[in-house]
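Dear colleague,

Please find below the structure that I am handing over to you. My notes on what was found in it follow directly after.

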Amino acid sequence: MAMPSHLEIVQPPLAYASPGFRVANASASPWDKMHAGVWEPYTFELLDSLLISQEHPVFVDIGAFVGPLSLYAASLNATVFAAEADVENFALLLKNIRENSDGLRARISSHLLAVSNVTGVARMSKPSEADSPNSAAHKTGSSSAVSILETIRSAGAAEEATPRSSGPARQWWTVPSMALPLYLQELLDNSGAGGGFSRSRPFVVSMDIEGAESEALQAAFAMVAAAEESARPPLILEMHPGFFPHEGGGRARYVASTCRVLALYRKLYFLGRDHQPRCDAGQKDHGRSNCHWPAVLAEFESVHSVAAFMMTTTQDAFMLHAIHSADQHHRPLIYTQVEMPTPQQSIEDAHHKTLADGHLLNIRTLYGVSLPVI
């Protein structure tokens, strides 16, 4: 089989550990932005810190989209398990994996699966316009097309309605679903990890499932709590408090269920990027940028601070990193503190001072931003 052309190689900026990987169409989103270093750069730098130079690391990518994190982690020699519930995104994920060498392909196991709190069948939906063959979403995948699980039906049980969206113009489908603790246990049993979490073998879990993280995390509480504290898997979570209205107590329930699990970790960080890129004029490599946006980890004082932030934030979503200890980061990162409010400040004003004014961390992605070339 002929190897893909150089135009189909995604090469992250030189500051990152990944040598790059191949995809079906490198000019499409998110690959063009990833190549330029402006697509969630903080996540890739954090993966470098968690996975590089580790012996047999495992990366679990729940809500894998079309494979940016999975392919990146596999290029760092991690064993990767990628779960994606959107059938179109899953097809693109498989297509992108196939473009790579036998060695990298062998490191990724992909699952068409909705990970939540119930094992059975999940009914999913997304806006129907994403199904148009001429739409950008159809060609490149949609990073937030799939809604929260609309309905969940466990084996032998009546369908449990969990409506999260409305309107007639939606595309619907069903996929297998698996409770998060069962899914993680299956991976532990089949990845050479000895059936349990271990500090000696990193087992990193990323989750971006559009609001369903609250049910999934709650289901995994007992499993995570039972693990030795220092062996609990580092989490990289896209949190979605803004998806849940205050009316009717939806936001409060979301915050309570997610924070119950987050309280099991000593270190909780708002994950974002620094206010300006860094460039190294001494680094030269044809096709790779010598500039990058450094990751910044803003530490919350406690889980109560996280809860207060989620209850008051006006953002739909933000990135959160939970870990036992900062010494599990094996490459240098920038750390700061999330400021707590003074008597004259609201919680949101205090967080804005640290996150927005200090590091622009309220900007989760960098679409439309370009890096200089030196």
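A residue is called buried when its relative accessible area is under 20%, and exposed when that value is over 50%. Please bear in mind that this is a predicted model.

By that cut-off, helix H7, which covers residues 180–190, has Leu180, Pro181, Tyr183, Leu184, Leu187 and Leu188 buried. Viewed down the axis of H7, these buried residues fall within an arc of 160 degrees, so they line one face of the helix. An α-helix has 3.6 residues a turn, so residues three or four places apart point the same way. Exposed residues Asp189 and Asn190 sit on the face of H7 turned away from the buried side. Just after H7, Gly192 adopts a positive phi of about 75 degrees.

Leu180 and Leu184 are among the residues lining the largest cavity, as are Val205, Met207 and Tyr265. Both H7 and strand E11 (203–207) supply at least two residues each to this lining. Its residues comprise 11 nonpolar, no polar and no charged.

Finally, the whole structure holds 1 disulfide, which joins Cys279 to Cys291 with an S to S distance of 2.0 Å. Cys279 belongs to strand E14 and Cys291 to strand E15, so the pair ties together parts that are 12 residues apart in sequence. The link of Cys279 and Cys291 is right-handed, with 115 degrees about the S-S bond. Cys279 is partly exposed, at 30% relative accessible area, whereas Cys291 is buried at 0%.

With kind regards

Methods:
Residues numbered from 1 in each chain as written. Predicted model: local features only at pLDDT ≥ 70, side-chain atom pairs only at ≥ 80, totals over all residues. Heavy atoms only, no water. Buried < 20%, exposed > 50% of the residue type's maximum accessible area, 1.4 Å probe, protein only. Helix = DSSP H or I, 4+ residues; strand = E, 2+ residues; numbered from the N terminus. Arc of directions from axis to C-beta. 1 Å grid on protein atoms, 1.4 Å probe; cavity = no way out; pocket = protein on both sides within 12 Å on 5 of 7 lines; lining within 4 Å. Nonpolar A, V, L, I, M, F, W, Y, C, P; charged D, E, K, R; others polar. Disulfide = S-S within 2.5 Å.
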